[in-house]
Amino acid sequence: LVLEYFFNTAGNRKDSFPKTRDSYAYLEGMYSTRKQVFVESFGLMYTQGEKYQVRNRIGYVDNNERLWGFGNQTVGNKDYEKVRYSRWYLQTAATRQIKNQFFVGLNVDISYTYNVEQTIKDTNFLAGQPGETGSRVIGLGPTIIWDKRDHVLNPHHGWYGEAGITYHTQAFGSNYNYTLYFADVRKYFPFHDNSVLAMQGYAELTNGTVPWREQSRMGNATIMRGYFAGRYRDDQYAAAQVEYRKPVHRLFTLAAFVSAGQVQHNIDEFNLSDMRAAGGLGVRVMANKAKNIYLRFDFAASTDHTTGFYFKVGEAF
């Protein structure tokens, strides 16, 4: 079950200045045949005149997750362990525009993982890992966002840059101390035939003691498509992708994309020989012409012989 809502805080004032881009929010709920529960609410709001940008994600999962180990070298695709856990999480970034769509503010990261149970094989991946039986992390830190996109869910031109530091410390109530450094940079190149070349670089780097569930995980519906979420995980993660989007009809757009990335335990261990790659094809179907919103259907495959099919609202990035 997915409920999406699009709105504009400027109301009917289409000629308002500065211009206010559309905001959106969604509520997603899922119950699987493996008795998994996923509930998540997400919202990205620009206040009138874009004086503030507020991003909020809150959710609960009762998950039966696959775990292949840690680092860039793990067991085979079919040799995973199953880990069951419950988790509440909240991720919020509240920023104020300083000038020219440049926002400065604070982000908050709260996560509570408990009821951890694993199906132990000879490998016993969680043995001795931080957060083996559960974790509580609470983080706070500065963030900057420079958002020059023309559209949030379907960018055609402009660029987006975000960087932040989140300090997780016992002083805030966390039971693990670590620092997360985050960066996300995107650029969109439009062409005369209305096609778009989109590029993204993404990194999550940490130091300190990171509980296993909070480690960076390669693979999702936005970057490194084709990898199962968490197929590779560790304290450091970096990835990049390129996507070409070509309209072929007023209702349909075709897309082709490739990505590359890796996880490592330490920053100085990043190297070309450990790079993982994925790519695929997709179709976008117009769902709301007035808001320029598309439904996205993607199929991707990886160099590890894994595949993924994705159905989402809006572009991947």
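Val283 sits in strand β15, residues 276–288, where strands are DSSP E runs of at least two residues, numbered from the N terminus. At 30% relative accessibility, Val283 counts as partly exposed; that label covers the range between buried (under 20% relative accessible area) and exposed (over 50%), using a 1.4 Å probe and protein chains only. Keep in mind that this is a predicted model, so local features need pLDDT of at least 70, side-chain atom pairs count only at pLDDT 80 or more, and totals for chains, interfaces and linings use all residues. Residues are numbered from 1 along each chain as its sequence is written, and side-chain values use heavy atoms, with hydrogens and water left out.

**Surface patch**
- Val283 belongs to a nonpolar surface patch of about 800 Å², along with residues including Val248, Leu251, Phe297 and Phe311.
- Patch members have over 30% relative accessible area and no salt bridge, with nonpolar side chains (Val, Leu, Ile, Met, Phe, Trp, Tyr) joined within 5 Å and like charges within 9 Å.

**Strand pairing**
- β9 (residues 178–190) and β10 (residues 196–208) pair antiparallel over 13 bridges; pairing takes at least two DSSP bridges between two strands.
- Tyr188 faces Ala198 in β10.
- The two strands β9 and β10 make a hairpin with five residues between them, and Asn194 in the turn has a positive phi of about 75 degrees.
- β10 also runs antiparallel to β13 (residues 236–247), joined by nine bridges, with Leu197 partnering Tyr244.

**Cores**
- The largest nonpolar core has 11 residues, among them Phe182, Tyr202, Met218, Tyr232 and Val263; a core is a set of buried Ala, Val, Leu, Ile, Met, Phe, Trp, Tyr and Cys residues joined through side-chain atoms within 4.5 Å.
- Apart from it lies another core of 10 residues, including Leu67 and Trp212.

**Salt bridges**
- The count comes to 22 salt bridges, each a side-chain nitrogen of Lys or Arg within 4 Å of a carboxyl oxygen of Asp or Glu.
- Glu65 and Arg233 form one, with the closest N and O atoms 2.6 Å apart.
- Glu65 is in β4 (residues 52–67) and Arg233 in β12 (residues 232–234), so the pair ties together parts 168 residues apart in sequence.
- Both Glu65 and Arg233 are buried.
- Asp193 bridges to Lys246, with the closest N and O atoms 2.7 Å apart.
- Arg245 and Glu243 form another, at 2.6 Å between the closest N and O atoms, and both belong to a salt-bridge network that includes Arg284 and Asp298.

How values were computed. Helix = DSSP H or I, 4+ residues; strand = E, 2+ residues; numbered from the N terminus. Areas by Shrake-Rupley, 256 points an atom, 1.4 Å probe, with all protein chains shown as cover.
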